[in-house]
Amino acid sequence: MILPTQRHLFDLPDDVTWINCAYMSPQLHEVSEVGKEAVMRKSRPWWVRPEDFFNDSEALRKLFARLVDADAEGVALVPSASYGLAVAAANVPVKVGQRLLVLAEEFPSNVYPWRELAQRAGGQVVTVRRPEDGDWTRALLEELDERTALVAVPHCHWTDGGLVDLVRVGQRVREVGAALAVDATQSLGALPLSVAEVKPDFLVAAGYKWLMGPYSQGYLYVAPRFREGQPIEHNWLMRGGSEDFARLVDYRDDFQPGARRFDVGERSNFVLVPMAMAALSQLLKWGTADVQETLRALTERVAKGARALTLEVPPESQRAGHMVGLKRRGGYGPDVAVKLAARKVFVSVRGDSIRVSPHLYNTESDVDRLLEELDALV
């Protein structure tokens, strides 16, 4: 179903064309109001009860589990995608000479942890080159063999939305006995994903883009076989019996069940957690599949107009529907995004592409305005 415009739910001036959700989502009015109330709560700390250290974070854990078709026991609350990937890097076994596959021009947070792991374990990071036909899935499968210890990929490429078929990749990963780590930051919330189908070992997502939440609130899903693994920090909340504040001096070696051992310290954040709950609740009301279908109609309009301007666009079959990269032979000037911003049209330049990433607050008129300004510039 194509959803109607949701611009009224956001604080967006009429003269602003924000078509840049992959950079950062605007904040829903409801999320802002929840945040204001949460900030004021700290003014009166006697309102914060011991059970409040657990209740909201457990509710948030369940909301995220619903979004990705997972069990809440497998969800950890983390501050960033890099934190979640550090957890993965601390637990994925790598033998000397084994390969860790990443995509060319991948986001740095999904490269640096694997470089460090390869150096520590004697493995090798192998970069899958960008395929000329845009088929990242084929390119990955051609490199994926029994020498592989890990495949670390997004659901879609962060520069232009190039799509990875995670179900096919995940199946092959399991066949060769490797691990699969997915950075879903640039897709989750706008592109349907089921961990029951993909079966990743680790899946991370920052919450301030397509999940419409506050900065520094992210999520980590951990498969059952890694839930007894090694956390990268040791905070009091992750330990067994932490609900009993009077007995915290009775130090314990056991952990809270499931993936909670991987929660970040102070995961109960009394401002960010309620805001994130409001954001995920709205996403679940919209439905990720309907969000994707609605945004695909907008990016296809972008693609059609961009081709008329002789810009290069990935084929629809090889990209996600919520994001599209526009390339130009010879490249763009270094300040093309700045010039568009001066006209209150906001996009990002990533690699050699202008990355266009609309959301439900955008309409066809926003797309047409973008194309008009691009025509004047290129």
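In what order do the seven strands of the open sheet lie? The legends below belong to a predicted model, and the first of them takes up this question.

**View 1. The open sheet of seven strands.**
The strands follow the order β2-β8-β7-β6-β5-β3-β4, and their pairing is mixed. At the edges lie β2, residues 75-78, and β4, residues 124-128, each of which pairs on one side only. On average, neighbouring strands of this sheet are turned by 20 degrees against each other, direction ignored. Strands of a sheet pair through backbone hydrogen bonds, either parallel or antiparallel.

**View 2**
Strand β3 covers residues 99-103. Its pairing with β4 is parallel and extends over five bridges.

**View 2. Strand β6 and its pairing with β5.**
β5 and β6 run parallel and are joined by five bridges. Within this pairing, Val153 stands opposite Val182 of β6. β6 is mostly covered, with five of its five residues buried. In a regular strand the side chains alternate between the two faces of the sheet. In β6, Ala179, Ala181 and Asp183 point one way, while Leu180 and Val182 point the other way. The residues of both groups are buried.

**View 3. Helix α3 against the sheet.**
Helix α3 is formed by residues 81-89. The helix lies across four strands, namely β2, β6 (179-183), β7 (202-206) and β8 (218-222). Relative to β7, α3 runs at about 165 degrees.

His157 is placed in the loop between β5 (148-154) and α6 (166-175). Is this residue buried or exposed? His157 counts as buried, because its relative accessibility is 0%. The side chain of His157 reaches two backbone oxygens: that of Ala104 at 2.8 Å and that of Glu105 at 3.3 Å. Apart from residues up to four places away in sequence, His157 touches Leu103, Ala104, Glu105, Glu106, Arg130, Trp136, Gly162 and Met323. A separation of 9.9 Å lies between the C-alpha atoms of His157 and Asp183, which are 26 residues apart along the chain.

**View 4. Helices α2 and α8.**
Two packed helices are described by the angle between their axes and the distance between the axes. Helix α2 spans residues 55-68 and helix α8 spans residues 272-286. Their axes come within 10 Å and cross at roughly 30 degrees. The angle therefore makes α2 roughly parallel to α8. The crossing of the two helices is left-handed. From α2, the residues that take part are Asp56, Ser57, Ala59, Leu60, Leu63, Phe64, Arg66 and Leu67. They meet Val273, Pro274, Ala276, Met277, Leu280, Ser281 and Leu284 of α8.

**View 5. Helices α9 and α11.**
Helix α9, made of residues 288-308, packs against α11 at an angle of about 25 degrees. The axes of α9 and α11 are 10 Å apart. The two helices are therefore roughly parallel to each other. α9 passes α11 in a right-handed crossing. On the α9 side are Leu298, Arg301, Val302, Gly305 and Ala306, which meet Glu364, Val367, Asp368 and Leu371 of α11.

**View 6. Glu373 in helix α11.**
Glu373 belongs to helix α11, which covers residues 364-377. Glu373 counts as buried because its relative accessible area is 17%, and the cut-off for buried is under 20%. Which side chain does the side chain of Glu373 meet in a polar contact? The partner is the side chain of Arg343, at 3.0 Å. Not counting residues up to four places away in sequence, Glu373 touches Leu340, Arg343 and Val345.

**View 7. Ser348 in strand β11.**
Ser348 is part of strand β11, residues 348-350. Ser348 has a relative accessible area of 5% and is therefore buried. Its side chain is joined to the side chain of Asn20 by a polar contact of 2.8 Å. With neighbours within four places in sequence left aside, the contacts of Ser348 are Asn20, Tyr23, Ser353, Ile354 and Arg355.

Definitions and conventions
Residues are numbered from 1 along each chain as its sequence is written. This is a predicted model: local features need pLDDT of at least 70, side-chain atom pairs count only at pLDDT 80 or more; totals for chains, interfaces and linings use all residues. Side-chain values use heavy atoms; hydrogens and water are left out. Buried means under 20% relative accessible area, exposed over 50%, partly exposed in between (1.4 Å probe, protein chains only). A polar contact is a pair of N or O atoms within 3.5 Å; within protein, one must be able to donate a hydrogen and the other to accept it, and residues adjacent in sequence count only if both atoms are side-chain atoms. Contact means heavy atoms within 4.5 Å. Two strands pair if DSSP finds at least two bridges between them. Axes are lines fitted to C-alpha atoms, for helices over the stretch in contact, and angles run from 0 to 180 degrees between N-to-C directions. Angles under 35 degrees count as roughly parallel, over 145 as roughly antiparallel, 65 to 115 as roughly perpendicular and the rest as oblique. A crossing is left-handed if the near helix is turned anticlockwise from the far one by less than a right angle, and right-handed if clockwise.
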